[in-house]
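Open the structure in your viewer and keep the sequence panel beside it. The stops below say what to select next and what is there.

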Amino acid sequence: MTSVKEQEAIRKLMAFLQEWDSAHKVARSCILDNFIKSNDGKTEPELELEFSQGASLFLARLTAWLRMTYMYSTCLNKLLKSIGIFLSAASGRRYIIEFLEIGGVSILLEILGLNHLKEEDKRESVKLLQLIADAGRKYKELICESYGVRSLAEFLVTSDSAEAQEDTQALMDCLGRSNPKYQNQVYKGLVAVLPCASPRAQQLALQTLRVMQDAVGEAPSILVEPMLGVLGSAHLEVQYEATQLLRALMARELRPALLEGLVALLTPPRKKAFTFCDKTSKDPTTLCLQEPVLVYVQQAAAAKVIGVLAKESAEVAEELIQLKVVRGLMVAVGNLDHVASQRHASISLEYFVHVFPFVEECVKKALGHTLFQRFMDSPETWYTKMDPVQAEELASNTVDIPRDMARMQSRGEQE
């Protein structure tokens with residue numbers, strides 16, 4: 001026998017559910033407002049007390065309405081926030097299971113791909129997916145099995161909201177942890193983001209790849225081309241993250257391919273015709289990176305990264321010398337069309353000259369006594385006084401250090 005108090009509570013619950021069932025959009029919106037205001041942050045026992053042990057009945061109605069209306073943005077943000085109250089409730093694992101049983105993950109992922117929906121609605125969807133992923137490995141696997149990595153990667157690229165992109169990055173980072181079955185899938189999904197046109201997405205993807213690197217171990221070969229490609233970004237924050245990831249990859253089997261690619265960027269094809277992008281042709285006042293400018297940005301970035309990597313490892317420095325990095329750096333110093341290339345290449349070249357005596361001899365022979373002395377006196381500025389003839393000599397140099405010499409000891413080892 002139920003008590004009078006319990007009967008009254010059940011009557012109120014049934015009245016509330018009937019009110020919801022008979023309400024139209026405006027009335028339901030008000031019900032959701034009151035529910036969010038009154039129940040945000042409640043635990044599972046508190047929600048059950050509020051709904052007389054029938055909270056699941058209201059959750060079922062919310063999920064049913066979501067399934068029917070999510071494509072039309074009917075109170076979508078409020079609806080997702082209301083469902084989030086259940087999914088985030090402490091001790092409320094059963095609410096997550098109930099939501100998943102109606103295909104909740106697929107709906108949330110589909111929301112991310114609907115162009116007509118608001119960014120704030122999509123961000124709310126990502127938050128719910130995060131709550132599901134936080135519940136444990138099998139829930140992470142379910143998201144991945146539902147093509148979640150692809151959907152999240154696409155949203156990371158297309159989103160106009162920095163906050164939504166950061167939430168998406170956090171979710172992909174979560175999916176990549178303690179999820180051995182789909183860890184590599186997440187990693188490759190992030191690699192697929194790198195060639196995109198969104199600097200923020202590139203930056204976040206590079207950050208997450210670096211965090212995941214230790215867990216993943218050896219990086220796949222598909223990383224090489226997009227990794228070198230992001231060095232063409234005009235955004236310093238992207239180049240910084242690319243440099244940090246390259247540093248982490250020097251301990252991996254991918255190192256030779258990455259070093260070879262970096263050295264190749266120092267010598268882009270000469271006399272390449274300028275190709276204007278569509279945006280520039282439509283509006284002459286709008287400048288976007290043209291092909292030669294892009295390769296020069298890559299050249300400068302490669303010259304800078306090479307200096308960083310060489311200074312951190314004598315072994316890497318020797319491998320770079322074997323790959324003819326000295327010749328490539330001299331070519332970049334002779335690039336009068338891009339001062340950044342000259343500066344970074346000159347600074348990196350000075351390091352090799354300072355550390356390896358045989359490099360000093362080769363560079364001195366190529367430059368001549370006077371020019372070499374200017375270089376040694378002021379490696380950061382000497383190129384500004386270079387005339388076109390000298391620049392052409394550098395750009396067309398044929399310095400070739402034999403492989404056996406590249407294995408000779410550095411000054412530090414000799415001492």
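## First stop: a pocket

Start with the second largest pocket, which has a volume of about 320 Å³. A pocket here is an open set of points on a 1 Å grid over the protein atoms alone, with protein on both sides within 12 Å along at least five of seven lines. A volume is the space filled by probe spheres set on the points, and the grid points are joined across faces, edges and corners.

This is a predicted model, in which local features need pLDDT of at least 70 and side-chain atom pairs count only at pLDDT 80 or more, while totals for chains, interfaces and linings use all residues. Residues are numbered from 1 along each chain as its sequence is written, and side-chain values use heavy atoms, with hydrogens and water left out.

Select Lys-12, Leu-13, Phe-16, Glu-50 and Phe-51: of the 16 residues lining the second largest pocket, these lie nearest its centre. Lining residues have an atom within 4 Å of a point. Helix 1 (4–22) and helix 2 (25–39) are the elements that give two or more residues to this lining. Helix 1 gives the most, with seven residues. Helices are DSSP runs of H or I, at least four residues long, numbered from the N terminus. Colour the lining by type and it divides into seven nonpolar, four polar and five charged residues.

## Second stop: a cavity and Lys-324

Which residues line the largest cavity? Select Ile-321, Lys-324, Val-326, Arg-327, Val-399, Asp-400 and Ile-401. A cavity is a set of grid points where a 1.4 Å probe fits but cannot get out. The largest cavity has a volume of about 30 Å³, and its lining holds four nonpolar, no polar and three charged residues.

Stay on Lys-324, which lies in the loop between helix 19 (314–322) and helix 20 (325–333). Its phi is near 70°, a positive value in a residue other than glycine. Most residues other than glycine have a negative phi. Lys-324 counts as partly exposed, at 40% relative accessibility. Buried means under 20% relative accessible area, exposed over 50%, and partly exposed in between, with a 1.4 Å probe and protein chains only.

Go to Tyr-147, in the loop between helix 9 (137–145) and helix 10 (148–158). Tyr-147 also has a positive phi, near 60°, and is exposed, with a relative accessible area of 55%.

Next, select Tyr-139 in helix 9. Is Tyr-139 buried or exposed? At 5% relative accessibility, Tyr-139 is buried. Leaving aside neighbours within four places in sequence, Tyr-139 is in contact (heavy atoms within 4.5 Å) with Arg-93, Ile-96, Ile-97, Leu-100 and Ile-132.

## Last stop: Gln-390 and the cysteines

Gln-390 sits in helix 24 (residues 388–395) and is buried at 18% relative accessibility. Not counting residues up to four places away in sequence, Gln-390 touches Leu-371, Arg-374 and Lys-385.

Finish with the cysteines. The count comes to zero disulfides, a disulfide being a pair of cysteine sulfur atoms within 2.5 Å. For Cys-75, the nearest cysteine sulfur is that of Cys-30, 8.9 Å away. Cys-75 is buried, with a relative accessible area of 13%. For Cys-144, the nearest cysteine sulfur is that of Cys-174, 9.6 Å away. Cys-144 is buried too, with a relative accessible area of 3%.

Methods
Ala, Val, Leu, Ile, Met, Phe, Trp, Tyr, Cys and Pro count as nonpolar, Asp, Glu, Lys and Arg as charged, and the others, Gly among them, as polar.
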